[in-house]
Amino acid sequence: MTFPLTIEPEHFRQALQRTPFHDRIEALSSTEVWTGWNCYKVPRVVENLAAEYFAVRSGCAVMDLTPMEKYRITGTGAREFLDRLVTRDITALKPGRVTYVVWCNDDGKVIDDGTLFQLTQDDYRLCSQHHQLDWLLMSATGFNVQIRTETHDIAALAVQGPTSYSVLTAAGIEGLGSLKPFGIVDVSCGDIAVTVSRTGYTGDLGYEVWVEPTDALQLWDAIFGVQGRYNVVAMGLDALEMVRIEAGFIMPGFDFNTAEATIRDSHDRSPYEVGLGWVVNLDKGHFTGRKALLLEESKPIKRRLTKLIVDGNKPVGEAFIYAGKNGKQIGEVKCTTWSPVLKSNLALADIDYINGRLPAELWARFDYQVELKWHTAWAQCHAQSKPFYNPDHRSTTPPNRF
Amino acid sequence: MTDRIDAIIIGAGHNGLVCAGYLARAGMNVVCLESGDAAGGMAAPRTLGEHYHFPGLAHAAYPVSAAIRRDLKLDRFGYVPGDAINTVSLDADGQHLTIAANSIVGENISASDERNYPVFRKQYLAFAKALRPLYENQPPRLKNMGFADTATLAKLGWNIRMGLGRETMYEFLRVAAINIYDVLNEEFDDDRLKGAIAADAVLGSAMGPRTPGTVLTWLQRLQGERNGPMSLLSGGRSQLVHALTQSAEDAGVTIRLNTHVASILIENGKTFGVKLSNGDMVKANIVISNADPRSTFSRLVGAPQLDAMFARRATQIRGSGVVAKLHLALNGLPEFTGLEDSQLRGRLLIAPSMKYIEQAFNHSKYNECSENPLLEITIPSLHNSALAPDGHHVMSINIAFVPYELDGGWDEQKAIVAYKVISQLGRYAPNLKSLIVDHEFLTPRDIEEQFLAVRGHWHHGELSIHQSFMMRPLHGAAQYDTPIDGLFLCGAGSHPGGGLNGLPGQNAARRILKSGRAK
């Protein structure tokens, strides 16, 4: 268990670190709207939010993924360790494949979710939203496994949108045509080695391209050197927030409190309560939190993070959810966006179930401003079980060419 | 053996035998699997060469409770608690102090010590009595309390408030969590007396007299005194484990010796038996581990079957043995300067002052062995002449503080440490060295290997306050229960802990019979 010291001794003088792609993004940034993500400086908007959003849905958006937490998990006990870590049956995971996983504490409350890459036989990469090294190391007690952070050792770009396959091909990355969703392939881009996975957080066709930090700019330049009608646009976090809500993806720590980060009982959430019951396999053998989840599963569900289409076009923002207009307050909106492609107000809301059921009629009560004047409004909400947006071209193999 | 087995007990130590006895008498078909070649664990008799016999790793104990004696019919199977013994606090100049239940005898005793001693004893026995509901019952859960949990706590509260009375209660609350060093300095002048009491408070724990919580460890020890006076274990048919074995077998318990359990079989979060080291499986829906909780969870169950933080906590249980054992075969009775032969029947302590003990303890913190160790010396052959040939004797010595890990390594240093102990004894009994015909020295490392107690700890985990009561052995496995359905704990690692009292075994049996898993 090593902690590679890739950070300069004077790093503290700079509150936010620069990613290997930073120079290129800064050159493009006309808005200079930056934020911190995992101690890296990243753009919320590079040039134009609408353009970035539409690039995901109709072109090719490129986002710097370097700050994402990445852990390398190796050793003969790695598989057994991961099997005990995550709630999902990962029997089908093979070298060259990725799977979406969630992991819980002993009480069956979600700590984080992420993507688990099997690189080779005993070699895995786990990507997550939040820092997990402490949890992973403490969970490793009793397993023959080595765990190290590689967040700062690997640069990555998300290349997402309907034309992303064509863009990467035009950038000189061959061999992606047969790559299925959740597949990984080692290829090259010019004279640099890259690893490409068909994964993403946008709900569209898309790839994540992994590269040595020293080769990062060369990769960027190859992608942005693609000329013509593909609409290659650098994207920031604000557009990502819109598309991930459209895709129905949740964000631990924002849409719900993660376990081990709350003080009060009942302020954290089980996988069932955040709509992740489909990645819990209680019959797969033991995993951390299984006993608690078995008990929970046997009882009526108390609440669930629910996908809502909210009537009207007023920005919902922060809102309470009621069982019926002027009814009992039963929940609150956790994130919301206006969906330009769907022409709808979308929201994810934490809603208390009544006797294990979602109340039939849901209303949101929210405040909005018109020319600095506040108004209160009611809007009916319609619960959705499927992702709001899930186009066929997302999962076609080979992907459509442009 | 074609009958269905209802419960498997891993380890035929005394707690395993008590638990087995209760379950069998409740109608269960119980099999006890013991890795050694005799039942009894740390209380099983040992033999040195052909002719010298020792009571076991434990050499002195209080009687087991009247309830266990009655329920398991131990008296019918020959159990006789030994005679009351005195403790002699040895003095390097031969001015020894003899300590009996209610009096102290010796040269140069202050009048106030003589007066205070019985008062002090009475008060602390009252404290021990107040704590009795905690020790004799399943420790209460604090979350999701059931009726029994509430009752135990209520009884404890009642005992402390009403049983002790207001003034005494204040005193109890004052001393309960502090150290024995401060308390004894308040009460007494005599270093020999303070050393002897402090020795009893710390022996078996990695604690010195100044360690917080040593009043509690002493009170824990005094619990046993309520069953009768301390006596020497003297081997033979009257010994506790002999009677427990007979009683268990009479109730239908099968004890399989030389049977080493390699793992506990688990499917779907539930145990269905054990796998032996020879590859055989023994199946049962209830498995009760009398093994150290650390080896139960880390080795027999294994991390893959446990939640992450529970598995981690199970490896973090504090408990590193600091007591070694020296068995000496002697061709005559040693002469201790200033001591009459009759006094050798008692328990001799080399603990001349609390400072002496604290300094001995300090060495062990740094993986060293003091030249001046705390010694508890017994001569069991004075109570049972069959233990040694005519005119010969056996001497059993507990040595504190001997670290589990010794700088320089045990392989290289073992003989040197044994020699130092014998040299220290020689200062009090000059003819001892010339009498030794054979010896056996068990370091904490040897105790771990031979008794499967992790890091050689007598009590399968330190009896510190953070590992006591509803926290023993650890949160998530108190109340004799474990995260694995059907797997229970019954050993010293569980509440109320070590000592030859059988209480963990008895409480575990009650818990299992109430769990509804028993047929």
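Guide: Chain A holds 8 helices and 19 strands, counted as DSSP runs from the N terminus (H or I over at least four residues for helices, E over at least two for strands). This is a predicted model, in which local features need pLDDT of at least 70 and side-chain atom pairs pLDDT 80 or more, while totals for chains, interfaces and linings use all residues. Residues are numbered from 1 along each chain as its sequence is written, with chains lettered from A and ligands numbered from 1 in the order written.

The radius of gyration of chain A is 22 Å, close to the 21 Å given by the globule rule for 402 residues, so the chain is as compact as a globular protein of that length; the radius is taken over C-alpha atoms, and the rule is 2.2 Å times the number of residues to the power 0.38. The C-alpha trace of chain A spans about 65 × 55 × 45 Å along its principal axes.

Inside chain A, 45% of the 402 residues count as buried (20 or more other C-beta atoms within 10 Å of a residue's own, placed from the backbone). Among contacts in chain A with a separation of 6 or more, 68% join residues 24 or more positions apart (a contact puts backbone-placed C-beta atoms within 7 Å).

Now for the side facing the neighbour: 14 residues of chain A are in contact with 14 residues of chain B. On the chain A side, α3 (78-85), α4 (133-139) and α8 (290-297) each supply at least two of the touching residues. That side divides into 2 nonpolar, 7 polar and 5 charged residues (Ala, Val, Leu, Ile, Met, Phe, Trp, Tyr, Cys and Pro count as nonpolar, Asp, Glu, Lys and Arg as charged, the others, Gly among them, as polar).

Key. Contact = placed C-beta atoms within 7 Å. Buried ≥ 20, exposed ≤ 12 C-beta atoms within 10 Å, placed from the backbone.
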